[in-house]
Amino acid sequence: MSSTGENGAAEPEQLAFIRETVKRAKPRTWKGAKRAEHLPVARVVVDKGVLTIDKFFDYEVPAAMAEEARPGARVRVRFGARVVKGQREGGELHDGFIVARLEKSDFAGPLAPLAQVLSPEPVLSPQLLRLCRTVADRYAGTLADVLQLAIPPRHAKAEAEPSPPPLPRPQPPAAGGWQRYPAGPDFLAALAGGGSPRAVWAALPGPGWPYEIARAVAATLAGGRGALVVLPDRRSVARVDQALTELLGPGLHVALEAELGPRERYRRWLAVSRGSVHAAIGTRATMFAPVRDLGLVVVWSDGDGSHSDPRAPHPHVREVALLRAADEGAAVLLGGHAVTVEGAQLVSTGWARPLVADRETVRQVAPRVRTVTDQDQHRDAAAQAARLPSVAWEAARESLAAGHPVLIQVPRRGYVPRLACGRCRTPARCRRCEGPLEAPSADAPLRCGWCGEAENDWHCPECGSFRLRAQVVGARRTAEELGKAFPRIPVRTSGRDAVLDTVPDEPSLVISTPGAEPVVEGGGGYGAVLLLDGWALLSRPDLRAGEETLRLWLAAAALARPSGEGGTVVVVAEPSARPVQALVRWDPLGHAGLERDERAQLHFPPVSRMASVSGSPAAVADLLNLIRLPEGADVLGPVPVPALRGEEQERALLRVEPGQGAALASALKAAQIARIALRTAEAVRVRVDPTDIG
DNA sequence: AGCACGCCGACT
DNA sequence: GTCGGCGTGCTC
């Protein structure tokens, strides 16, 4: 490193240095080349490839690369060469990163030389390496796989540009919306003072939360440290981005979004890596952003499924956040309108403190919540036409009359469990094989989902009714029906393929699938929020159905006006269900606590740790036979699961006692390595913290 | 994962 | 004697 200080790479003379070396050595064998005099050994983590055995390899540094081959640099190395007459030949080129420069290798054999330094930019800092190692261990994955999630692809042009010098740090912000939480001002003050408080934050309804996050970030920056905010989707990133820009102006933070394109994305990532900005916000991958002197990690809505990475080894943003905060001594703010069971667990162990408003404040800002079962009579003819319970119909009418839009949340089609009797709810089954009946399209005859037999003459075997309700009506048909029921009121839809960010504050019907709800412009909110077909969400065969339903409801209900301004939420669901009760009382933390206690009793995650193991029956049995599980571990199954590409598949769940998670992960990894070595070939997919346990 | 090396059975 | 089966182990 030069004497220009920690931001040296951003300065002009450093830039010139980078330009000069563009004619960098191309990959060649470096036969007979002189090796570097100082620290001639480079320890390399070889990227990807088939190196299931997760370890480092040492290479010789040719003298020509002595300067550039620094720790953290991207390199190319030859791997798997054969030695012919004392000379190594061939070997495939692999990408990798230098993790250290050493005086001497502990490898007994002769070292191959580095083939090429792709770039001297030190993208893999010691901290990032440590984090990725920890995450790989936590998820029984390889370091190389995690590095691929953590470090974006290089873009040479972006790298050649200087990053701007860092702007002066801001003043500590006023408490603002944090005053509404008894512990809020102290939390901000601790951040500004260099402390590391950890909080599970049940955010009050309304449009304030992006500003609360922005103030927490501002306080951390004011205290001389950096901050990181991870959000579940592009829209929420945009909201926090705007709040930060309003509070701090541009230039103190960056938003790292995949949609930016490779060049801009890498440019911004480098600005973080080079210490040119102190705060990064973005989706999932932002969790690894190499913010310096990390003082705060914020995760918004940690129950959202997009925080779970679909790529191996499937790390979850919240878990990475906790690992990272622990390692770097940073504060944690785990926030959302809902609270996850994991959040409740952190509170119950005392690792984090609850950051919640008192009941009086909640009452002031929350909408009024009314429950209604969908058996309630549709007394009003117009309500009947719209298939709305009259309470919901009235709430909608009042909102429209007051000049505000109405939000109607409709479960996505994918949530539909199955068809059932329109009167008594008995599932509609095939007379031949008991399989579930399906409606291929609106007017086509019914068909069995298992045997394919057509059913033209269904009636309920329990109550004799001939009415078969297409139980969850999709957003489009709801829109058509409501449009007829409320003539001359504009109808807008927001869903999977066409998500609206905002709607104007004027009378309209906004039909949305969960997670796609637009925000009302001007910050006032919806006059009414109707949560339809709640039973469909609640009855999904998933361990998290209750928790997830409440999360989706609270997210929509949080967009309503306060009760004092007439804001009303109508939830169509069984009033005694726990999530319904929690919504009525607006008590997300209480709900999460109850769920946590129940899971603890049942030995379910997150109190216990689980992993799933799936593949062909033989392969799964083989791995279960090989694995040396920690004491007290359970094996559940294996049971058959839906075939993948026609191949028979099984899955087993492994469960360990609290505190044995690391032991489980390392046992899984050891068993995987042993299987590869034993050439039993057939792969077994291992997943720590599986998401789809019913 | 590839791709070697290596130690046992039927061939020219 | 030699060719070649794929079990076992390594890749800096």
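What you see is a predicted model, in which local features need pLDDT of at least 70, side-chain atom pairs count only at pLDDT 80 or more, and totals for chains, interfaces and linings use all residues. Residues are numbered from 1 along each chain as its sequence is written, and chains are lettered from A and ligands numbered from 1 in the order in which they are written.

A nonpolar core here is a set of buried Ala, Val, Leu, Ile, Met, Phe, Trp, Tyr and Cys residues joined through C-beta atoms within 7 Å, where buried requires 20 or more other C-beta atoms within 10 Å of a residue's own, with C-beta atoms placed from the backbone. The largest such core has 177 residues, and Val-217, Val-298, Val-332, Val-529 and Leu-530 have the most contacts inside it. Helix α6, residues 209-222, gives the most to this core, with 9 residues. A second, separate core has 6 residues, including Leu-419 and Cys-421.

Turning to helix α20, residues 661-677, its 17 residues reach 25 Å from first C-alpha to last, close to the 24 Å expected at 1.5 Å a residue, the expected span being 1.5 Å times one less than the number of residues. Among its buried residues are Leu-664, Leu-668 and Arg-675.

Finally, an open sheet of 5 strands is ordered β2-β1-β6-β3-β7 with antiparallel pairing, where pairing needs at least two DSSP bridges between two strands. Its edge strands are β2 and β7, while 6 bridges join β3 to β6, and Arg-76 has Asp-95 in β6 as its bridge partner.

Conventions. Helix = DSSP H or I, 4+ residues; strand = E, 2+ residues; numbered from the N terminus. Buried ≥ 20, exposed ≤ 12 C-beta atoms within 10 Å, placed from the backbone.
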